[in-house]
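Subject: Structure handover

Hello,

Here is the structure I am passing on to you. Please open it first, then read the notes below.

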Amino acid sequence: MATITTPQFVLYCNACGMPPEYCAYGPDFETHCVPWLKSNHPRFFSKLHGNKAVSSAGGNDQEGDESNPAPTEPWTTRERLVAFYTKYMPEKLDGIDAILEKYEGKEDKLFKALVKKYGPEPEDPYYAAGSDSDDDEGGVAERMEGLDVAGGKGGKKKRRGAAAKKVNKVDTRVVVQKISRNRKKAVTHVVGMDTVPGIKLKEASKAFSKRFAGSSSVKDKEIIIQGDHLEDVAEMIVSKFGVSEDAVFLDLDGEFVPFGG
């Protein structure tokens, strides 16, 4: 009988819990398994599937670069931690549950410490793909056109009726919005950072990612940050990027409230 003298590392899919070779037999193969494997283990994905399009039938059907459906929700805390350890310390994956138990309620501190010591988090496929514009039911970008932040205190209130059409347009105005997903999960959207002089969206996104120890991405001039950081993001926009409080708005239930109000 053969004796194993060295530890054997087995990769398990962070989405379904099966080895990637068997993901195709699960219900979330295309929507969760494939994006996770491509994002976190691209070499293994290429070895397993090559350059062929992946189907839910359990194999490689067609040649091409057909995109897979984007995930419908962000990673859970456990999935984030598994992805992080898979990238930097795969030999410690067995201790994930113990770590989560130890840092229960202090997950943000845990991720900040890990990012500082090892490097940035793997990008969540959900944020890499960006969220659908349909989530912005109120059309933040369109409603921003009516913001008046140059009229002092009198311009801070939401205008209604005919007065809503008589507003002054300004160069810089930023709206911070929280979008809730599936109970406790939420993302923070920042619209208007492109109106801030000297600011590059990708650099701002990286700054948010570092500050909140989570994923952050740019889509259609909008920054999407993992987690609920509504007021903290607004404060950072003022303190770090030098935007006036009167030019930063919180989108609360469809109504713009000045952060400095």
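Start with Glu-222, which lies in strand S6. Strands here are DSSP runs of E with at least two residues, helices are runs of H or I with at least four, and both are numbered from the N terminus. Glu-222 is buried, at a relative accessible area of 16%. Buried means under 20%, exposed over 50%, and partly exposed in between, using a 1.4 Å probe and protein chains only. The C-alpha atom of Glu-222 is 7.2 Å from that of Gly-192, although 30 residues along the chain separate the two.

Some ground rules. This is a predicted model, where local features need pLDDT of at least 70 and side-chain atom pairs count only at pLDDT 80 or more, while totals for chains, interfaces and linings use all residues. Residues are numbered from 1 along each chain as its sequence is written, and side-chain values use heavy atoms, leaving out hydrogens and water.

Next, the loop between strands S5 (216-219) and S6 (222-226), where Asp-220 sits. Lys-221 is in that loop too. Most residues other than glycine have a negative phi. Asp-220 has a positive phi of about 50°. For Lys-221, phi is positive as well, near 65°. Asp-220 is exposed, with a relative accessible area of 66%. Lys-221 is exposed at 55%.

Now the surface. Patches join residues with over 30% relative accessible area and no salt bridge: like charges within 9 Å, nonpolar side chains (Val, Leu, Ile, Met, Phe, Trp, Tyr) within 5 Å. A salt bridge puts a side-chain nitrogen of Lys or Arg within 4 Å of a carboxyl oxygen of Asp or Glu. Areas come from the Shrake-Rupley method with a 1.4 Å probe.

- Positive patch: Lys-102, Lys-106, Lys-109, Lys-112 and Arg-211 gather here. Lys-109 belongs to helix H5 (residues 107-118) and is exposed at 62%.
- Nonpolar patch: Met-18, Tyr-22 and Tyr-25 make about 390 Å². Tyr-22 is in the segment before H1 and is partly exposed at 48%.

Last, helix H1 (residues 29-40). The buried residues of H1 are Phe-29, Cys-33, Val-34, Pro-35, Trp-36, Leu-37 and Asn-40.

Best wishes

Terms used:
Lys, Arg positive; Asp, Glu negative; His and termini not counted. Charge placed at Lys NZ, Arg CZ, Asp CG, Glu CD.
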